[in-house]
There are 2 protein chains.
Amino acid sequence: MRNYGQYCPIARASEILAERWTLIILRDILNGVHTFSALADGAPGLSRTLLSTRLDQLQRAGVIDISPNPSGRGNLYTPTEAGHDLGPVMLALGTWGERWIELAPEHLDPGVVLESWVRQYLDHDRLPEGRVVVRFDFPKLAVKGNQLWCIFDRSGSEVCRTYPGFEEDLVVRVDARALAEWHLGKITWGQGHDAGLIEVMGPPGLAAALPTWNKQSGWAHIDIGERRT
Amino acid sequence: MRNYGQYCPIARASEILAERWTLIILRDILNGVHTFSALADGAPGLSRTLLSTRLDQLQRAGVIDISPNPSGRGNLYTPTEAGHDLGPVMLALGTWGERWIELAPEHLDPGVVLESWVRQYLDHDRLPEGRVVVRFDFPKLAVKGNQLWCIFDRSGSEVCRTYPGFEEDLVVRVDARALAEWHLGKITWGQGHDAGLIEVMGPPGLAAALPTWNKQSGWAHIDIGERRT
DNA sequence: CAGTATCCCTTATGATACTG
DNA sequence: CAGTATCATAAGGGATACTG
């Protein structure tokens, strides 16, 4: 049953929002991700079929608009006013999640960690001129998938799962959890470094610059000290 | 895939909360509904099997406690501290739902409307001594299921789908939407009455008392005037 | 009564192939 | 590339029967 039959506002909202992937997609749209492919890239594990279905449902529910992309092909998926108004819901949900749901190994897909970095936390204005290619080694993982590349570029950065063909400027040996906690504002880069969880190899200037290319996470302020899980 | 693989707090929270029925069940538990049967009654359409599964998941996620019911048989399902802390999430979600999701006919199961009345909005302290039996006729509906009974009693009220065997003290002809909107604080009883959507037959004193047995809805203050759906 | 195990079916979803 | 239609499959969920 897709319908709860309840007039309660929580039930009405849940009919639309409490579906698999829906909130993830909406989070990204609200964060400025507006194209089909970019949404797909940000959610590995979500099939394009299902993404298409969800976007349809959100449009019919009046939460997003779908309009042809003026520049380039395809559509643009943008929040309606109702969609924008989901901000407080996202904030409440994320605040709760950060406080109460422990960061478990299954939350630490390194590809997602790097994608998030590039999409959410990277401050392109702080990047140096030109292209910086960084290889990330995740030593804790099985050999398959323990190496990823990031291409940092003011005009658009991206994550590659295979050698991108450009020479590596830096190599970073890093624990996926440390990287995630750094993004979340739980630890500083220096703390990760001192704990031996982050190690950067390459030109010292560039190595020192890497952690400065970031914006502050919106979740950093949440106090999980009170948590008793 | 049950897991999003994402460290983002919204994703972590969604893994647990964004499942079918989960928020409905949690809403009820947070509202003081603590037994299996009462939870099942409050969610027609939810099978006991699934309810059982969801309660299990919520316990494992640390959102509720399950403990033997000291009085009576069965268990008590109560919020943990993490569960209590969902209050703001529920509030944000309900506020959004009330503002943006129109009350459609499929939200107006009259059984649910009456159940909600009895469970959420009824102020037992204001009930008169003894038992008051009220039949509700929902004239807009097909013959099947258009009559329901409520037994109002200080020691516990309930909804019956068949004639409960007690003589009716009042008969109410009512539009399900009007009743729901009254509960939500969108209209007053008098407005519903004047619009011909609520009609009470029976002793005038009792008829006048009926709408005074209520508590104020928590959603009443939400301004949907700005909504543009 | 208060659940839970089992079985079976429906629905949801992923893979693939396809189209503008 | 940006999706969408089709189909096979897996997962989710309901009915029933069962247990303390």
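I began in chain B, where β4(B) and β5(B) run antiparallel and are joined by three bridges; I take strands (E, at least two residues) and helices (H or I, at least four residues) as DSSP runs numbered from the N terminus, and two strands pair if DSSP finds at least two bridges between them. This is a predicted model, in which local features need pLDDT of at least 70 and side-chain atom pairs count only at pLDDT 80 or more, while totals for chains, interfaces and linings use all residues. Residues are numbered from 1 along each chain as its sequence is written, chains are lettered from A and ligands numbered from 1 in the order in which they are written, and side-chain values use heavy atoms, with hydrogens and water left out.

**Entry 1, around β4(B).** I looked up the partner of Cys150(B) and found Val159(B) in β5(B). The two strands form a hairpin with four residues between them, and Gly156(B) in the turn has a positive phi of about 140°. Towards β3(B), I noted seven bridges to β4(B), again antiparallel, with Val132(B) opposite Phe152(B). I then checked burial (buried is under 20% relative accessible area, exposed over 50%, partly exposed in between, with a 1.4 Å probe and protein chains only). Six of the seven residues of β4(B) are buried, so this strand is largely enclosed by the rest of the structure.

**Entry 2, the sheet of chain B.** I read the strand order as β5-β4-β3-β6-β7 (chain B), an open sheet of five strands with mixed pairing. Strands β5 (158–160) and β7 (198–201) of chain B are at the edges with a single partner strand each, so one side of each has no neighbour in the sheet. The twist averages 25° from one strand to the next, with axes being lines fitted to C-alpha atoms (for helices over the stretch in contact) and angles running from 0 to 180 degrees between N-to-C directions. At the β7(B) end, I found four bridges to β6 (residues 170–174) of chain B in the antiparallel sense, and Val174(B) has Ile198(B) as its bridge partner. Helix α7 (residues 110–121) of chain B lies across β3, β4 and β5 of chain B, at about 5° to β4(B).

I asked which residues touch the most other members of the largest nonpolar core, and of its 143 residues they are Trp117(A), Phe152(A), Trp117(B) and Phe152(B). Such a core is a set of buried Ala, Val, Leu, Ile, Met, Phe, Trp, Tyr and Cys residues joined through side-chain atoms within 4.5 Å. Leaving out residues up to four places away in sequence, I listed the contacts (heavy atoms within 4.5 Å) of Trp117(A), among them Phe136(A), Phe152(A), Trp182(A) and Trp189(A).

I counted 10 helices and seven strands in chain A. Its radius of gyration is 19 Å, close to the 17 Å that the globule rule gives for 229 residues, so chain A is as compact as a globular protein of that length; the radius is taken over C-alpha atoms, and the rule is 2.2 Å times the number of residues to the power 0.38. Of the 229 residues, 50% count as buried.

I located Lys140(A) in the loop between β3 (131–137) and β4 (147–153) of chain A, where its relative accessibility of 67% makes it exposed. From C-alpha to C-alpha, Lys140(A) and Gly190(A) are 20 Å apart in space and 50 residues apart in sequence.
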